[in-house]
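I opened the model and kept notes as I went. The entries follow in the order I looked things up.

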Amino acid sequence: MAVNRTPILKRCRSLGLEPAFLGVDKKSKRKLTRSNRKISEYGLQLREKQKAKFIYGVLEKPFRNYYRRADNMKGMTGENLMRILESRLDNVVFRMGLARTRRESRQMVGHKFITVNGKIVNIPSYLVKPGDVIAVLEKKKSMQRVKDIIEATGGRVVPDWMDFDEETLQGNIKELPSREQIDVPVDEMLIVELYSK
């Protein structure tokens with residue numbers, strides 16, 4: 001399984017991202033020194049694509065496949081792409097507060113902590129659908145690690161398009177999110193322009 005192992009704060013600095021979007025509450029003390037060169041149109045488009053890939057933890061080939069899929073769906077390609085990325089299981093686990101960071105949510109899924117509709121799913125890229133029930137595996141609920149995570153993420157706001165019950169560690173997908181409900185600082189139109197060349 002391929003994973004991007006770039007240091008998070010370094011990558012956030014180069015992309016101009018807040019580490020909070022990845023669930024990391026550290027701040028980099030270093031300042032990014034940029035030259036006064038103007039970034040080309042292609043450079044801006046590429047940066048937006050890199051931001052989206054980095055936030056959701058997706059590598060180039062799967063990201064391109066998501067784009068093709070979004071392009072074949074009805075509606076705006078950019079919005080479809082963001083909706084697909086947002087409905088990945090690792091992202092849903094992070095949004096529900098079952099993991100402190102996006103990388104940890106990927107690990108939780110990979111280590112078989114999470115069930116979808118009662119069945120264990122260990123594929124981070126699994127796409128959830130409206131009506132799916134996401135929960136922590138019954139025998140893992142009593143683990144200290146899970147208790148620590150819930151304590152740490154207790155104040156996190158769960159998005160409107162899903163429900164989550166802290167008592168049963170179970171949530172369900174009410175609907176797929178609209179673009180307004182996705183609070184990620186990515187301009188998806190630039191990604192569409194980049195791929196449609």
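I began with the aromatic rings. Phe63, Tyr67 and Tyr195 form a cluster through ring pairs. A ring pair here needs centres within 6.5 Å, for Phe, Tyr and the six-membered ring of Trp. My search of the whole structure gave 2 aromatic pairs.

The model is predicted, so I noted the limits: local features need pLDDT of at least 70, side-chain atom pairs count only at pLDDT 80 or more, and totals for chains, interfaces and linings use all residues. Numbering runs from 1 along each chain as its sequence is written, and side-chain values use heavy atoms, with hydrogens and water left out.

Next I followed Phe63. I took contact as heavy atoms within 4.5 Å. Setting aside residues up to four places away in sequence, Phe63 touches Lys49, Ala52, Lys53, Val58, Leu81, Leu85, Ile191 and Tyr195.

Which residues touch the most other members of the largest nonpolar core? They are Tyr56, Phe63, Leu81 and Leu85, in a core of 26 residues. Helices α1 (8-15), α2, α3 (60-72), α4 (77-86) and α8 each give this core at least two residues. Another core, of 22 residues, lies apart from it and includes Val92, Ala99, Trp161 and Ile173. A nonpolar core means buried Ala, Val, Leu, Ile, Met, Phe, Trp, Tyr and Cys residues joined through side-chain atoms within 4.5 Å. Buried means under 20% relative accessible area, exposed over 50%, and partly exposed in between, with a 1.4 Å probe and protein chains only.

I then checked Leu81, in helix α4. Helices are DSSP runs of H or I with at least four residues, strands are runs of E with at least two, and both are numbered from the N terminus. Leu81 has 0% relative accessibility, so it counts as buried. Beyond its neighbours within four places in sequence, Leu81 contacts Phe63, Tyr66, Tyr67, Ala70 and Ile191.

Glu188 came next, in helix α8 (residues 188-195). Is Glu188 buried or exposed? Glu188 counts as buried because its relative accessibility is 10%. Not counting residues up to four places away in sequence, Glu188 touches Gly78, Glu79, Met82 and Arg179.

I turned to the sheet. It is open, with 5 strands in the order β2-β1-β3-β5-β4 and antiparallel pairing. Two strands pair if DSSP finds at least two bridges between them. β2 (119-120) and β4 (162-165) are the edge strands, each pairing on one side only. Strands β3 (residues 133-136) and β5 (residues 170-173) are joined by 3 bridges. One detail I noted: Val133 has Asn172 in β5 as its bridge partner.

Then I looked at helix α5. Just after α5, Gly97 has a positive phi of about 90°.

Helix α6 (residues 102-110) has buried residues too: Arg102, Glu104, Ser105, Arg106, Met108 and Val109. These pack against α2 (41-56), α5, β1 and α7 (144-152). Lys112 follows α6 with a positive phi, near 65°.

Last, I looked at Phe113. The charged end of Lys140 sits over the Phe113 ring, 4.6 Å from its centre. Arg145 lies over the face of Phe113 at 5.5 Å from the ring centre. For this I required NZ of Lys or CZ of Arg within 6 Å of the ring centre and within 35 degrees of the ring normal.

Definitions and conventions:
Phe/Tyr/Trp six-rings, centres within 6.5 Å; stacked < 30°, edge-to-face > 60°.
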